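Please keep the model in view while reading.

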Amino acid sequence: MKIAIIVREETMQRCTCKGCLNAFFQKKDAFSRYEDDLTLVTFTHDGGDIDRKIEMMIKNGVDAVHLSSCMRGKSANYEPLAKQLSEYFDVVGYTHGPEEGKEPKTLIINKADKMF
Ligand code: SF4
């Protein structure tokens, strides 16, 4: 299963992304939901040309996009981006830490049925 992780651009200026990477490679927290083998094919931030990034992710066969926990906690773009991505991918709205988090509610969107 091919996974993309998108983190908050501003946070990425000072974060080494260890929490996201640990969760992915140890298959814990947001990634414990998968039984399949995982391949990380995209690790990027939400800035720049997001439409181009989405095009590349489609081309690279991404199945599910994880928005980072800092996107959930600090980005006004969290919900709009999750909805945009859900046109093409399953979306899981966090990476490390608990699924509940604080507000806003964690978005988990299955591309097939668009559950919000
Ligand atoms: S979710 Fe955590 S580890 Fe990942 S980029 Fe944000 S602050 Fe860093």
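This is a predicted model: local features need pLDDT of at least 70, side-chain atom pairs count only at pLDDT 80 or more; totals for chains, interfaces and linings use all residues.

**From fold to ligand shell**

Within the sheet, Lys-2 of the chain stands opposite Thr-39 in β2.

The secondary structure of the chain comprises five helices and five strands. Followed along the sequence, these elements give the pattern β-α-α-β-α-β-α-α-β-β. The radius of gyration is 13 Å, close to the 13 Å that the globule rule gives for 116 residues, so the chain is as compact as a globular protein of that length. The C-alpha trace spans about 30 × 30 × 25 Å along its principal axes. Of the 116 residues, 34% are buried. Contacts also reach across the sequence: among those between residues at least 6 apart, 68% join residues at least 24 apart.

The five strands form an open sheet with the order β2-β1-β3-β4-β5 and mixed pairing. Its edge strands are β2 and β5 (108–109), each of which pairs on one side only. Strands of a sheet pair through backbone hydrogen bonds, in either a parallel or an antiparallel sense. Strand β1 (residues 2–7) runs parallel to β2 (residues 39–45), to which six bridges join it. Four bridges join β1 to β3 (residues 64–67), and this pair is parallel as well. In the latter pair, Ile-3 stands opposite Ala-64. By contrast, β4 (residues 90–92) and β5 pair in the antiparallel sense over two bridges, with Val-91 opposite Ile-109.

Strand β1 is also mostly covered, five of its six residues being buried.

Which residues are closest to the ligand? The ligand is surrounded by 13 residues, of which the closest are Cys-15, Gly-19, Cys-20, Ser-68 and Cys-70. The elements that give two or more residues to this shell are α1 (9–12), α2 (18–25) and α4 (69–74). Helix α2 gives the most, with three residues. In composition, the shell divides into six nonpolar residues, six polar residues and one charged residue.

Two backbone details remain. Most residues other than glycine have a negative phi. Cys-17, in the loop between α1 and α2, has instead a positive phi near 70°. Because 18 C-beta neighbours lie inside 10 Å, Cys-17 counts as partly exposed. Lys-27, in the loop between α2 and β2, likewise has a positive phi, of about 50°, although it is not a glycine. With 14 C-beta neighbours inside 10 Å, Lys-27 also counts as partly exposed.

Terms used. Residues are numbered from 1 along each chain as its sequence is written. A residue is near a molecule or strand if its C-beta atom, placed from the backbone, lies within 6 Å of it. Ala, Val, Leu, Ile, Met, Phe, Trp, Tyr, Cys and Pro count as nonpolar, Asp, Glu, Lys and Arg as charged, and the others, Gly among them, as polar. A residue is buried if 20 or more other C-beta atoms lie within 10 Å of its own, exposed if 12 or fewer, and partly exposed in between; C-beta atoms are placed from the backbone. Two strands pair if DSSP finds at least two bridges between them. The radius of gyration is taken over C-alpha atoms; the globule rule is 2.2 Å times the number of residues to the power 0.38. Two residues are in contact if their C-beta atoms, placed from the backbone, lie within 7 Å.
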